[in-house]
Amino acid sequence: MVNNMPIPKLRFKDNQGRDYPDKIVKRIESLILEYKEKVDANSNLPILTSSKQFGIEFQEDHFAGKQRHDIEGYNVLPRNYCTYRNRSDGLDFKFNINTICEKGIISKFYPVFKGNNCNLYFLKTFLKNDPATLRKIAYTAKGTSQKVLSLTDLKKITVTIPTLPEQEKIADFLSNYDRMIDVQSQRVETMKTRKKGLLQKIFSQEIRFRDDEGKEFPEWEEKKLGEVTLIERGAAPRPIEKYITSNDEGINWIKIGDAPIDGNVISNVKEKITDEGASKSRAVKKGDLILSNSMSYGRPYLLNVDGCIHDGWLLIRNSQNKFDSAFLLHFLSSPFVKMQYERLSNQGVVSNLNKELVKSVNVYIPALPEQQKIADFFNAVDKQIEVEEKRLETMKNIKKGLLQQMFI
């Protein structure tokens with residue numbers, strides 16, 4: 001029996017309802033077998049990568065295009081074998097199992113191993129989540145700015161784990177839960193893809209709405225966006241630190257970090273600037289749209305606050321009252337507009353947006369009642385997506401809580 005060790009709150013029982021034996025102490029070298037096959041220079045095996053969020057992926061999927069490099073020295077990674085990146089800027093070594101192909105290849109910085117009298121899925125999860133083991137990994141890894149954890153050093157670490165039957169019980173439970181999360185993730189992505197298709201069809205007028213009596217709305221008016229809205233670039237007083245204030249009477253200083261990750265309305269701002277700083281910036285008001293012109297370029301947000309914006313934003317103001325604000329927000333989010341950005345850019349690829357380019361975007365303006373129907377439709381779609389995203393987040397949080405109870 002292991003003394004003076006914290007006891008997990010969550011333990012499994014066998015199929016007869018009996019407690020499993022006490023945990024055992026093992027060196028990792030007794031739990032794994034290294035796999036040392038190197039790639040042939042003429043190999044056509046797929047190149048793999050290992051990510052924190054998605055696990056093992058095909059490299060061309062991860063980078064959205066082919067990224068093939070010189071593969072000399074790459075390691076072969078068979079199905080159901082584990083790997084990890086043996087160097088990290090932090091301490092996330094990305095332990096992951098290949099479940100996507102029979103054999104792939106991965107960088108020489110990713111040692112490969114399989115389980116030995118150990119459930120590999122359990123071990124992978126344990127190495128990512130067990131606090132005591134994470135502390136040992138942090139202590140064992142060498143280096144300062146970049147940490148290096150060789151497989152030789154990993155093998156020397158001693159761990160306290162359940163016996164194999166309980167490992168398998170835990171692994172079955174968690175893998176089933178992971179499949180549920182994957183299904184929900186796919187559901188969310190499918191809904192987002194469907195929304196993109198609807199945005200394209202509606203704003204290209206392939207799909208039209210009718211009024212409450214079933215009559216057709218008038219034809220859409222064609223204009224340049226700059227003809228019917230006020231478009232201005234933000235401005236930043238410099239050095240900005242001089243103008244930041246903790247005074248509650250300060251003016252909201254709206255930054256990229258204030259934008260929600262999934263939503264499209266900015267309601268809360270973390271910092272404020274002085275009146276002097278505001279005089280050197282660009283004032284915006286509730287109901288305006290702002291467009292990021294660098295990071296996540298072209299993503300619009302509707303303001304639910306007054307404030308000021310720096311030069312990483314463009315202001316789009318409905319100065320002629322031609323638009324329903326929610327309609328304009330959805331329009332600027334559509335593939336129809338993003339394709340125009342790319343066409344209008346000299347390079348065909350847009351890394352940031354300028355005022356003149358955005359002014360040149362063609363906009364087709366429905367009558368306000370049709371705009372409101374379109375906005376209501378997409379608001380309903382967004383609410384459905386939000387419900388499913390919250391469900392996904394709840395599932396992830398439940399899993400996180402379960403892991404905290406299993407590994408103490």
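1. Helix α8 (residues 325-332) lies across β20 (289-292), β21 and β23 (313-317), and runs at about 160° to β21; axes are lines fitted to C-alpha atoms, for helices over the stretch in contact, with angles from 0 to 180 degrees between N-to-C directions. Helices (H or I, at least four residues) and strands (E, at least two) are DSSP runs numbered from the N terminus. The model is a predicted one, in which local features need pLDDT of at least 70 and side-chain atom pairs count only at pLDDT 80 or more, while totals for chains, interfaces and linings use all residues. Residues are numbered from 1 along each chain as its sequence is written, and side-chain values use heavy atoms, with hydrogens and water left out.

2. The strands β14-β23-β20-β21-β17, in that order, form an open sheet with mixed pairing, where two strands pair if DSSP finds at least two bridges between them. At its edges are β14 (230-233) and β17 (265-266), each pairing on one side only. β17 pairs with β21 (residues 300-303) in the parallel sense over two bridges, and valine 265 has leucine 302 of β21 as its bridge partner.

3. Threonine 229, in the loop between α6 (225-228) and β14, counts as buried because its relative accessibility is 5% (buried means under 20% relative accessible area, with a 1.4 Å probe and protein chains only). Its side chain reaches the backbone oxygen of leucine 225 at 2.8 Å. Leaving aside neighbours within four places in sequence, threonine 229 is in contact (heavy atoms within 4.5 Å) with residues including Arg317, Phe323 and Leu328.

4. Eight of the 10 residues of helix α2 (residues 120-129) are buried, so this helix is largely enclosed by the rest of the structure; among the buried residues are Tyr121, Lys124 and Phe126.

Definitions and conventions:
Buried means under 20% relative accessible area, exposed over 50%, partly exposed in between (1.4 Å probe, protein chains only). A polar contact is a pair of N or O atoms within 3.5 Å; within protein, one must be able to donate a hydrogen and the other to accept it, and residues adjacent in sequence count only if both atoms are side-chain atoms.
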